Amino acid sequence: MEDQAASIRITRHGKIRLWVKKALEFFQANPEEPLVLYSSPSDVSTSTIPRLISVVEIVKREYLKGSATGLHQFNQLLFEDRSQVPVDGEERSSALLLALEGSSHPKQKLAPYMKVTLSAKALPDRPHERETYQSAAVRRLSKSAKARLKKRAKKQVSQ
């Protein structure tokens, strides 16, 4: 990962509200710094990617409540190859020969994981290769909220 102080790992057993609280506290203390939330590679049946996405969406929504503009989001969907082909030695060559013969295929398994970088400021050097970008949301005020703001501004000018 990038900077361990500026990252949060999402697991299967943690509490979503604690991750959200930690992320919001991070942005309050470090408004200029990006925060990386990531899931670790795991089996497909126990993927933590849905939990990661839930945490990111809640953090973005809660951050927007206290700010006029939201967070910039950079997504990377990655995978780790966990095949059973040995890395070196004679076992590797025999496993590859069996695979080429077609009688026995070595089981290949890809373990997906995801990294999401959230930033209050636009990052000029992003997005990287194999990374998608979601722009920051802008908070929309209701008519009554706009009227209250106008009324307060008018009241402050008259004082």
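Glu 131 touches Phe 74, Asn 75, Gln 76 and Arg 126, leaving out residues up to four places away in sequence. This contact set belongs to a predicted model. Glu 131 sits in the loop between E4 and strand E5 (132-134). Its relative accessible area is 9%, so Glu 131 is buried, the cut-off being under 20%.

**Overall layout**

- The chain has four helices and five strands.
- Along the sequence, these elements follow the pattern β-α-β-α-β-α-β-β-α.
- Of the 159 residues in the chain, 30% are buried.
- Among contacts with a separation of 6 or more, 80% join residues 24 or more positions apart.

**Nonpolar core**

- The largest nonpolar core holds 21 residues.
- Phe 27, Leu 37, Val 59 and Leu 118 have the most contacts inside this core.
- Two helices give two or more residues to the core: H1 (16-29) and H2 (49-65).
- Strands E1 (7-10), E2 (35-39) and E4 (110-119) also give two or more residues each.
- H2 supplies the largest share, six residues.
- In soluble globular proteins, nonpolar side chains tend to be buried together.

**Packing of H1 on H2**

- The axes of H1 and H2 come within 9 Å and cross at roughly 45°.
- H1 and H2 are therefore oblique to each other.
- The crossing of H1 past H2 is right-handed.
- On the H1 side, the contact uses Ile 16, Trp 19, Val 20, Ala 23, Leu 24 and Phe 27.
- On the H2 side, the residues are Arg 51, Val 55, Ile 58, Val 59, Glu 62 and Tyr 63.
- By class, this contact of H1 with H2 has 10 nonpolar, no polar and two charged residues.

**Gln 28, in H1**

- Gln 28 is found in helix H1.
- Gln 28 has a relative accessible area of 69%, so it is exposed, the cut-off being over 50%.
- Gln 28 and Tyr 63 are 35 residues apart in sequence.
- In space, the C-alpha atoms of Gln 28 and Tyr 63 are 9.4 Å apart.

**Ile 49, in H2**

- Ile 49 has its place in helix H2.
- Its relative accessibility is 13%, so Ile 49 counts as buried.
- Ile 49 is in contact with Ser 39, Leu 77, Pro 112, Tyr 113 and Met 114, with neighbours within four places in sequence left aside.
- Ile 49 and Thr 11 are 38 residues apart in sequence, while their C-alpha atoms are 9.2 Å apart in space.

**Thr 117, in E4**

- Thr 117 is found in strand E4.
- With a relative accessible area of 2%, Thr 117 is buried.

Definitions and conventions. Residues numbered from 1 in each chain as written. Predicted model: local features only at pLDDT ≥ 70, side-chain atom pairs only at ≥ 80, totals over all residues. Heavy atoms only, no water. Core = buried A, V, L, I, M, F, W, Y, C linked by side-chain atoms within 4.5 Å. Buried < 20%, exposed > 50% of the residue type's maximum accessible area, 1.4 Å probe, protein only. Axes fitted to C-alpha atoms, helices over the stretch in contact; angles between N-to-C directions. Parallel < 35°, antiparallel > 145°, perpendicular 65-115°, else oblique. Left-handed = near helix turned anticlockwise from the far one by under 90°. Contact = heavy atoms within 4.5 Å. Nonpolar A, V, L, I, M, F, W, Y, C, P; charged D, E, K, R; others polar.
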